[in-house]
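Please look over the charged side chains in this model. My notes are set out point by point.

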Amino acid sequence: MKRIEAKDQVRLSIYKCFEICVNGVYYRLFRSLVTISIVVLTVAFFSNVVTEGIMTHGVARGVQQEMQIKRGDARFLAKLTEVETVAEFVERLGRTVPGTPAYRELAGVTGAAPARIGDLVSFSTRLLTYRKFFDDRLTFGKRRILLGGKTGLAAFEYLLDPENFDLFRKRLSELKSLRLPGTPDDLYGLLREYLGRMKEIEALRAQYEKAVKTIAAAYPLAVLKEKIVAGDSGVLNLVRKLGFQVDEAEYRRISGQLADTERILRLSKSLQNFTFKTRFINRFSILAKQYTPKQVMKKLKSRSNAAWFVQQAQDIPLPVDFDAQEVRRLAREFLARASLREVERVLNTKGDWREGIDRKTIWLMVVSFVVCTVGIANAMLISVAERFREIATMKCLGALDGFVMVLFVMEAGLFGLAGGVLGVVLGLLLSLLKQFLSFGRYALAYFPAAHVAGGIGAALLIGMLIATIAALYPSWVASRMAPMEAMRVE
Amino acid sequence: MSEAGPERQVIVRTIDLRKEYVKKGIVTEALRGITIEIYRGEFICVMGPSGSGKSTFFNMIGGLDAPSAGRVFIDEVDVAQLNAYELAYLRCKKVGYIFQSYNLIPVMTALENVTTPMIFAGVEPDEARKRGLRLLDLVGIGTRWFHRPKEMSGGQQQRIAIARAMANNPSMLLCDEPTANLDQATGQEICEILRRLQREQGVTIVCATHDHKFLKVSDRIAWIRDGQVSRLVRSDEVEIEVGHIG
Ligand SMILES: Nc1ncnc2c1ncn2[C@@H]1O[C@H](COP(=O)(O)OP(=O)(O)OP(=O)(O)O)[C@@H](O)[C@H]1O
Ligand SMILES: [Mg+2]
């Protein structure tokens, strides 16, 4: 008769475990799909929020750049004709990045030594971080307590008073949750420089003002515009002599843009002609309230409508002499600018995207991460908990604790992977769709592929990790229980 | 085989086995000092009223739960001294368990249920399959090996459970009310299968039950009452009394 001897149970290979695990998933397909779908939904939600944030950021940057180019003419004109306030000038200095044309222009227009410009730029940058902090981060109440309610540069002038600064320092230390961008000593150092630096900045600004006045003396605004549209080299020479950084090619581009702007303006104005409006409404049988520039321009894009417009322009007559092709081109340009403006408007309603990913979105990401964690963990806990009996049975049949754990953790990992991949795809499709609805073609034109890939990878990894970790604990508990204890758990 | 002489080999020995369940501060004494010897190759029936501690006893001698006090020796090895690996080996190879509620793994087919303990024991899949089919044949459901437990009747499920318990040729089968969920006829069949296994393969069978059908097939009967063995007799002594006990 065989005796019972005490020997170690064999350990199954990982491959064998995997086989058993996949078998189980397959047999329990429906239940598995339910669990996976929970993972899919939560990962989809998370990756949707993340990729949407990243994509909006990408669109914002792209649109901003495109806008800067499209508005090149307006910016150029403003530079030549408008005098900035000190605050505006400090703002510009603070934003100027060394090595860029804008930086060279500072030196060119003001005639100041590069080293001095560098000092002032870095001073302004520092000042700006505090300015932004004071104006944007402080609540109304805190600003009153700390800065006597002052905003902008006035806040710094308020702090220049030593008494005020001491008060500021004292109250700041009481407001524990408030984090200054630098130490109070750093701010103090900045304030000690303040008066001297501002005097220098004012001197630079005066140089700009002088340049603007020189231009105004040479060309009244209307004349200046005409000359630029005509690509007049006299303007270019004067502007360059005054130190503005603009090369031939750029000047030509600006000239073309300004010409278009002026022409579009004339076209839009002629659309307000009452006779034309009536005829247009009749011809296209639309309501009077549908007669908006955008709607009209959309019609004018077509060859036949543009031809009709030219005919009307001669007949009424309208003060425009564009041929049909030009009308179509201007209409298209008008619409392109309008849609860009529209996207910019949408972006502005979505928060401040200039600084990076908007705070609200980061908050949303955190929340969705928590939702994701709780959702997946819950699904995994349930899927282990409802199989305590099975675990107990397997232990009665000689399963090792390790095998039970590997089985469940592996299963959770598989669910995490499958759910993660599907969820990520779903989330990405959703955000693509939403982005497309908000931003149209810009959503694709400025699709930040690399960043989105990163976001997706993170979502996938998080999904898998959470699933695995969430299964780790209950299966550890279950595997260590005596079989009968586990069987009693309901 | 029904001869319980002192020369017989002891396969399970318990010494003053006790088990208390503590729940919400209330202590339930399920076993209150059981000392018993079970002989190799015998068919012993553990009877007693509901709540008397049969299942608890079953769990203790099967190494499925830890006693509060006392000792369980299986083949002179103290179960409490075994580590997790040795315990798994014991459950896998040396003892087969049969439960009232079958406890089959629902996602597996009959055959897979039977081969699972073999796979845990490291048997090659082909060999396991062959042996599994043979065992299913032995319990009379060889043709239905591809069905899941849900697609089978209670009696058929219990047959799978028996085949599974026999998977690694254990020395001992522990049964906890194997026929409680079954009708008379099916219960009788299960009873006979177990008896055949004992007679033909020399497996020790310990069967906790209310079912008087087992009185006829067992060699000895232990009566448990309030967690203690109240009577331990050879079945031929009992058979005459069944009338007024039942
Ligand atoms: N997990 C538990 N927690 C607390 N008390 C328990 C637990 N399991 C069993 N008991 C108690 O231990 C005693 C013995 O229970 P056991 O299940 O061993 O009885 P049994 O003889 O198998 O009864 P039945 O014939 O109804 O199956 C009972 O009083 C029961 O209430
Ligand atoms: Mg019981």
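1. Basis. This is a predicted model, in which local features need pLDDT of at least 70, side-chain atom pairs count only at pLDDT 80 or more, and totals for chains, interfaces and linings use all residues. Residues are numbered from 1 along each chain as its sequence is written, chains are lettered from A and ligands numbered from 1 in the order in which they are written, and side-chain values use heavy atoms, with hydrogens and water left out.

2. Overall count. The search of the whole structure gives 43 salt bridges over all chains. The criterion is a side-chain nitrogen of Lys or Arg within 4 Å of a carboxyl oxygen of Asp or Glu.

3. A:E202 and A:R205. These two form a salt bridge, with the closest N and O atoms 3.1 Å apart. Both sit in helix α10 (residues 184-218) of chain A, three residues apart, or about one turn of the helix. Helices here are DSSP runs (H or I, at least four residues), numbered from the N terminus. A:E202 is partly exposed at 29% relative accessibility, whereas A:R205 is buried at 12%. Buried means under 20% relative accessible area, exposed over 50%, and partly exposed in between (1.4 Å probe, protein chains only).

4. A:K213 and A:E209. Here too there is a salt bridge, and the closest N and O atoms are 3.1 Å apart. A:E209 is partly exposed, at 22% relative accessibility.

5. A:R329 and A:E326. This salt bridge has its closest N and O atoms 3.1 Å apart. Both residues belong to helix α17 (residues 324-349) of chain A and lie three residues apart, about one turn. A:R329 counts as partly exposed at 32% relative accessibility. A:E326 counts as buried at 15%.

6. Network. Which residues are joined into one network by salt bridges that share partners? They are A:R116, A:R126, A:D186, A:E193, A:R197 and A:E200.

7. Positive patch. A:K294, A:K298, A:K301 and A:R332 gather in a patch of positive charge on the surface. Patch members have over 30% relative accessible area and no salt bridge, and like charges are joined within 9 Å. A charge is placed at NZ of Lys or CZ of Arg. Areas come from the Shrake-Rupley method with a 1.4 Å probe. A:K298 lies in helix α15 (residues 293-300) of chain A. With 42% relative accessibility, A:K298 is partly exposed.

How values were computed
Helices (H or I, at least four residues) and strands (E, at least two) are DSSP runs, numbered from the N terminus. Patches are made of residues with over 30% relative accessible area and no salt bridge: like charges are joined within 9 Å, nonpolar side chains (Val, Leu, Ile, Met, Phe, Trp, Tyr) within 5 Å. Lys and Arg count as positive and Asp and Glu as negative; His and the chain ends are not counted.
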